[in-house]
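This report examines selected side-chain interactions and their surroundings. The sequence and the coordinates are shown first.

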Amino acid sequence: MSRRIDMTNGTLGDKIIKYTIPLAITGILQQLFNAADVAVVGQFSGKEAMAAVGSNAPVIGLLVNLFVGISLGSNVIIAKSIGQKDEEKISRAVHTSIIVAIFGGILIAVLGEILAPRVVAMLDVPPEVFPLSLKYLRIYLVGMPVILLYNFESAIFRSCGNTRTPLIALVISGVLNVILNLLFVLGFGMDVNGVATATVLSNLVSSAILFYSLRKTNLVIKVYLKKLRIHLDVFGQILKIGVPAGVQGMIFSFANIIVQSAVNSLGSTVMAASSAAFNLEVFAYYIMNSFGQACTTFVGQNYGAGKGKRCKRTLKLCLLQSGIGTFLSCGLIYLFAAPLLQIFNTDPEVVAAGRVRLGYIFIAYLFSFAQEAMSGYLRGFGVSFIPAACSVIGICGVRLTWIFTVFRQSPSFATVMQVYPLSLALTMVVTLIVMIIIKPSRRYMTAKAQGEKKTAAIE
């Protein structure tokens with residue numbers, strides 16, 4: 001019980017930090033363990049293998065993001081129900097989420113295996129990288145059921161203020177991942193198939209740990225095997241919030257596939273550099289993303305409890321704290337960019353191109369942290385379509401237009417990277433304007449109060 005944060009009473013600033021730190025560390029460690037895949041193959045299997053692993057990132061994101069978005073719907077519904085103290089609905093949402101994760105993962109795995117060759121071909125991967133890229137993707141797809149299960153289980157724990165348990169599970173599975181990476185690549189002479197197999201096995205362990213924890217917890221999110229089924233009423237509410245977020249993530253990833261295709265057309269050196277830089281820049285991303293998730297969960301619980309002022313204060317604090325964290329993390333990573341990039345590959349051309357990517361991405365993050373917090377705020381009220389639409393138009397639309405017009409006229413790595421700050425700045429401005437217009441805290445809290453009055457009158 002001590003691991004649960006009371007989001008609806010008392011101070012907010014310290015609780016947001018307490019919630020966010022384990023969540024950010026979870027994301028950072030997850031990326032460190034993913035970076036171990038890239039580092040091991042980059043150092044011991046060559047830059048072609050490293051490029052193969054990196055080129056799959058947007059594809060994997062495209063396949064995973066729909067159900068990760070749906071897990072966000074689970075988070076919001078459970079958090080709101082906790083604020084309303086509706087234990088029956090919490091239980092229905094938890095058990096529905098587990099089933100959706102497992103069967104959704106199986107569906108993605110089957111469809112992914114069928115479409116894998118065509119998907120890799122879409123990336124315009126160089127001939128020397130194509131077989132390795134396809135091999136990595138096929139093995140990774142096998143683990144989709146346990147990968148999605150971990151994400152849904154983490155969302156369930158986060159909804160009640162527990163971000164420590166997913167972190168503990170990740171640390172255990174992550175250490176196992178690194179050990180298996182070295183064993184398979186150095187010990188057994190494997191290449192990308194070794195790191196992909198290690199990733200699948202480590203995710204199996206992390207999802208099993210969280211499932212065991214959900215079975216043994218004394219909190220209202222406890223899982224009972226006999227209750228595992230889809231409850232259609234709750235499932236519909238989860239989809240209403242989760243599908244727009246998931247579709248947003250899919251379209252976002254599709255746009256990134258087009259961007260990655262442009263990167264791939266510039267050769268294996270740029271591909272390797274982009275892969276290495278990505279594994280550094282996401283450390284800063286997970287910090288600001290954790291504040292966005294915190295905003296969603298805190299707003300969700302306080303909205304359920306009918307505390308509108310705490311919802312608005314949550315947004316202000318998340319913006320302030322996320323801005324500070326993003327600025328410091330970006331500054332530190334860029335300051336030590338050269339030695340950090342050399343961890344993945346010591347080729348001077350790879351390091352130089354990696355610094356170019358980091359420079360543009362970190363400028364973009366100065367806009368992105370506000371976009372994450374505002375989107376999280378809206379989703380906390382159950383408003384999922386609006387931030388999704390803003391991102392699809394502002395991010396995906398700009399990136400696709402840029403690649404098919406400006407990049408074709410000037411095909412360079414710098415030209416590709418310039419689209420990131422441009423698209424994120426536009427999206428932040430559009431989201432801010434929309435949020436000012438709809439005034440979610442006033443609109444949805446008023447609707448909630450009117451609904452309660454009608455219910456009381458009927459009773």
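## Salt bridges

Glu 113 and Arg 138 are joined through their side chains in a salt bridge, with an N to O distance of 3.2 Å; a salt bridge here is a side-chain nitrogen of Lys or Arg within 4 Å of a carboxyl oxygen of Asp or Glu. Glu 113 is in helix α4 and Arg 138 in helix α5 (residues 130-142), so the pair links distant parts of the chain, 25 residues apart. Helices (H or I, at least four residues) and strands (E, at least two) are DSSP runs, numbered from the N terminus. Glu 113 is partly exposed at 22% relative accessibility, and Arg 138 is likewise partly exposed, at 31%. Buried means under 20% relative accessible area, exposed over 50%, and partly exposed in between (1.4 Å probe, protein chains only).

The model is predicted: local features need pLDDT of at least 70, side-chain atom pairs count only at pLDDT 80 or more, and totals for chains, interfaces and linings use all residues. Residues are numbered from 1 along each chain as its sequence is written, and side-chain values use heavy atoms, with hydrogens and water left out.

The structure contains four salt bridges. In one of them, Asp 233 and Arg 92 meet through their side chains at 3.0 Å, N to O. This pair links distant parts of the chain, with Asp 233 in helix α9 (residues 232-264) and Arg 92 in helix α4 (residues 87-122), 141 residues apart. Asp 233 is partly exposed at 42% relative accessibility, whereas Arg 92 is buried at 18%. Glu 88 belongs with Arg 92 and Asp 233 to a network of salt bridges.

Arg 357 forms a further salt bridge with Glu 281, and their closest N and O atoms are 2.8 Å apart. Because Arg 357 lies in helix α13 (residues 348-380) and Glu 281 in helix α10, this pair ties together parts that are 76 residues apart in sequence. Both partners are buried: Arg 357 has a relative accessibility of 6%, and Glu 281 has a relative accessible area of 3%.

The side chain of Arg 158 does make a polar contact of 3.0 Å with that of Gln 293. A polar contact is a pair of N or O atoms within 3.5 Å; within protein, one must be able to donate a hydrogen and the other to accept it, and residues adjacent in sequence count only if both atoms are side-chain atoms. Beyond neighbours within four places in sequence, Arg 158 is in contact with Met 7, Tyr 19, Leu 23, Asn 75, Thr 163, Gln 293 and Thr 297, contact meaning heavy atoms within 4.5 Å.

## Aromatic pairs

Eight aromatic pairs are present in the structure. Rings of Phe, Tyr and Trp (its six-membered ring) pair if their centres lie within 6.5 Å; planes under 30 degrees apart count as stacked, over 60 as edge-to-face and the rest as tilted. Tyr 19 and Phe 298 form an edge-to-face pair, at 5.6 Å centre to centre and with 85 degrees between the planes. Tyr 19 is in helix α1 (residues 13-44) and Phe 298 in helix α10 (residues 268-304), and the pair links distant parts of the chain, 279 residues apart. Tyr 19 is buried, with a relative accessible area of 0%, and Phe 298 is also buried, at 0% relative accessibility.

Elsewhere, ring pairs link Tyr 285, Tyr 286, Phe 362 and Tyr 365 into a cluster.

## Cysteines and a buried serine

How many disulfides does a search of the whole structure find? The search finds zero, a disulfide being a pair of cysteine sulfur atoms within 2.5 Å. For Cys 311, the nearest cysteine sulfur belongs to Cys 295, 8.8 Å away. For Cys 390, the corresponding sulfur is that of Cys 396, at 12 Å. Cys 311 is buried with a relative accessible area of 0%, and Cys 390 is buried with 5%.

Ser 322 is placed in helix α11 (residues 308-335) and is buried, with a relative accessible area of 0%. Not counting residues up to four places away in sequence, Ser 322 touches Met 288, Phe 291 and Phe 369.
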